[in-house]
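I opened this entry to keep track of what I looked up, in the order I looked it up. The structure goes in first, the notes after it.

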Amino acid sequence: MVSSSVLGFPRIGANREVKKAVEAYWAGKLTADELTKAALEVKKTSWTSVKSKGVDFVPSGEFSLYDHVLDHSAAFNVVPKRYVGQGLSPLDVYFAMGRGRQADGVDVPASEMKKWFDSNYHYVVPELSEETDFKLLFNKAVEEFKEAKDAGVTTRPVVLGPVSFLVLGKASKDAKPGFQPVSLLPKLIPVYKNLLGDLKAAGAEWVQVDEPILVQDKSATLEKEFTSAYEELVPVAPKIMLTTYFSRLDSNLTYVAKLPVAGLHIDLDRAPGQLDEVIAAVKPNNTVLSLGLVSGRNIWKTDFEAALKLGQKAVDALGQDRVVVATSSSLLHTPVTLASENKLTAEQKDWFSFALEKASEVAVLAAALSGSTDAAVTSALEANKTSIAKRREFESTSDDSVRKRVAAITPDMLDRKSPFAVRKEIQAKHLNLPKFPTTTIGSFPQTKEIRQARAKLGKGEITKEQYEEFIKKEIEAVVRFQEKVGLDLLVHGEPERNDMVQYFGELLHGFVFTQNAWVQSYGSRYVRPPIIVSDVSRSGPMTVQWSSYAQSLTKKPMKGMLTGPVTILNWSFPRADISRELQSKQLALALRDEVVDLEKGGIQAIQVDEPAIREGLPLRRADWDAYLTWAVDSFKLATAGVTDQLQTHSHFCYSDFDDIFPSIQRLDADVISIEASKSDMKLLNTFKHYGYSNQIGPGVYDIHSPRVPGEQEIKDRLKSMLDILPDSLLFVNPDCGLKTRGWTETEASLTNVVAAARWARQNYA
Ligand code: MET
Ligand SMILES: [Zn+2]
């Protein structure tokens, strides 16, 4: 029989119970025991509901109160010194590592967070050094295996593999130069032996060991590490399902197929092309092959016919007992259930499949591949056929005008009329900005009042006119504030935006919004990505009224503010029937019209934010060029429709941009602003290495904390920038938008920014 499995379930609860409980605990409104109980309820619901769908391998142990990588660090005693000896309980140390802690005389910053592969999920980076003293402080995998058993569900526990754990980590500050975290593998293996041995003793038959770094180029050199690790672990562990996801094994397959593990999982959603090779490689070893046929990264119903074709191939080659149908990755990246959506139309609901529905899908596919003639299975297959046919029909009724417009894009549409050097002169005359112009990244504090007004509008408690009046007052206050502080290039403050992607999605054709489709981004922060369902177009100006109004209030130049095509795409659930490139170009054309309209509306500088351009980068370097080409082209398409005198800006934050910096140069924005103060020297080295010829504003202070940067500190940052960048190119601005900040600290901080810029004008004349 072919069996079915889910690699991981969302840990947030269908009604965001975990967020609520965790935040209540932080606020002192819930005890640790109560938090544990609330978490257990969510876990039990997940186990029993996944099982009730007929799934054979139900995951456990992947639940987390904050982050699963942090769970491993805490369990392995990978706790940086700054969190130790502060009198905190283990649970509070755990949360302090995740989010920092500033209370009762304890003041420790959070650990670094990084994006989990190419997803929008962030993990807490383990800090490692020669001194790291691995110990198994507790065994969460065993505890949750037992909890699930008590709840009547026998699970397949999930553990992050030792090699990925180390490679995802970083050298701590006290590590010796050149220290490589993966060198700690021999010290870490005994801990994994304990962990996995205990699981076996507790009665686990299988364990899922995730080694996602096997889909990245850097693992090509890790054959020795993988081989020695798994040769040691296999004899003491339950049967190991070695799990890879998000891309393909490529050349690693040669050594992975030789590891003595009992099963191998591959992602056939992202990398269906690897199936034949993998089948051939595992065939002689008796390895069970787990096929990731149901996407863990998207929300579309699985096309059963296509999935069964792939599945049948594996069954024909290996036999039913050696095949598992699985989700491609953990379902952590999908919302919990469609059952919570009351506002989608019946037609729309029929297109989608969230985590719980995906659990059913793997069960049905496995049954079908086992040759089941069960009436429930047959009717599920029939129903899927109908749904997919309807969806295809909807897709084929595409918006021809949009498709034609994309097909008619010509290379000249991507370029500004004149090169930067010419534009710079024209813009200087036109905008008349001083040297070291000061500006901000767009948003100003999103106060309670703003959120309340938006909520009231949503509930119909105020009219659209009343809401717009309110927003206008906010804009006016933001303009007056900037004039008072003395900034040079102003913004309207974005008070009308609930979110930088959702706002545009709601105004564009082609998007659908959910009520409850939350997905964890990090810790207790969840996002609700819009879903792109059809061709994207603009029905009319989206931001012009606000920007023009703001400009009408002041003599200083006003910067228009848009979210870029690649960021809108990367922070939405994209369509699966057409390429991301095509969707990005459709978005770009819609934004191009907006940019042109803004210029017509009297705006002289426009910023198109692309903070998410880095995270869409494919995991395999061989795929980078293709992505970067269309991503850069999309930005250029969106911004190049204006005259030379319009100054285009773009903004980047949240990631390391080092390795894609040449592409950022190719965007040919007149000015870029980039988060820099958190990693000062690193970014400056990048400029040194690649050079940069357009104008640039490396952030002069971190906006993620309420701390006010001193004037001297900002001057120091400017000085180190000026060591590397020509003074004629430098803009002065914060790291990112100020929406999460309060007014008091914003005023103090920006006052210091303006003072530092004035100082620079005097000293670098
Ligand atoms: C995550 S980047 C945010 C840019 C946006 N313009 C803002 O200021 O909030
Ligand atoms: Zn930003």
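**Domains**

I started with the domain assignment of the protein chain, which gives domain 1 as 3-12 + 49-62 + 112-336 + 346-368 + 376-396 and domain 2 as 401-414 + 441-699. I note here that the model is predicted.

I then looked up the spacing: the centres of domain 1 and domain 2, taken over C-alpha atoms, are 34 Å apart. For the contact between them, I found 25 residues of domain 1 against 24 residues of domain 2. On the domain 1 side of this contact I have eleven nonpolar, eight polar and six charged residues.

**Helices α1 and α2**

Last, I looked at how helix α1 (residues 17-26) packs with helix α2 (residues 32-52): the angle is about 175° and the axes are 10 Å apart. Angles over 145 degrees count as roughly antiparallel, so I put α1 down as roughly antiparallel to α2. From α1, the contact uses E17, V18, A21, V22 and Y25. From α2, A32, L35, A38, A39 and V42 take part. I sorted the residues of this contact by class and got nine nonpolar, no polar and one charged.

Definitions and conventions:
Residues numbered from 1 in each chain as written. Chains lettered and ligands numbered in written order. Predicted model: local features only at pLDDT ≥ 70, side-chain atom pairs only at ≥ 80, totals over all residues. Domains from an automatic or database assignment. Contact = placed C-beta atoms within 7 Å. Nonpolar A, V, L, I, M, F, W, Y, C, P; charged D, E, K, R; others polar. Axes fitted to C-alpha atoms, helices over the stretch in contact; angles between N-to-C directions. Helix = DSSP H or I, 4+ residues; strand = E, 2+ residues; numbered from the N terminus. Parallel < 35°, antiparallel > 145°, perpendicular 65-115°, else oblique.
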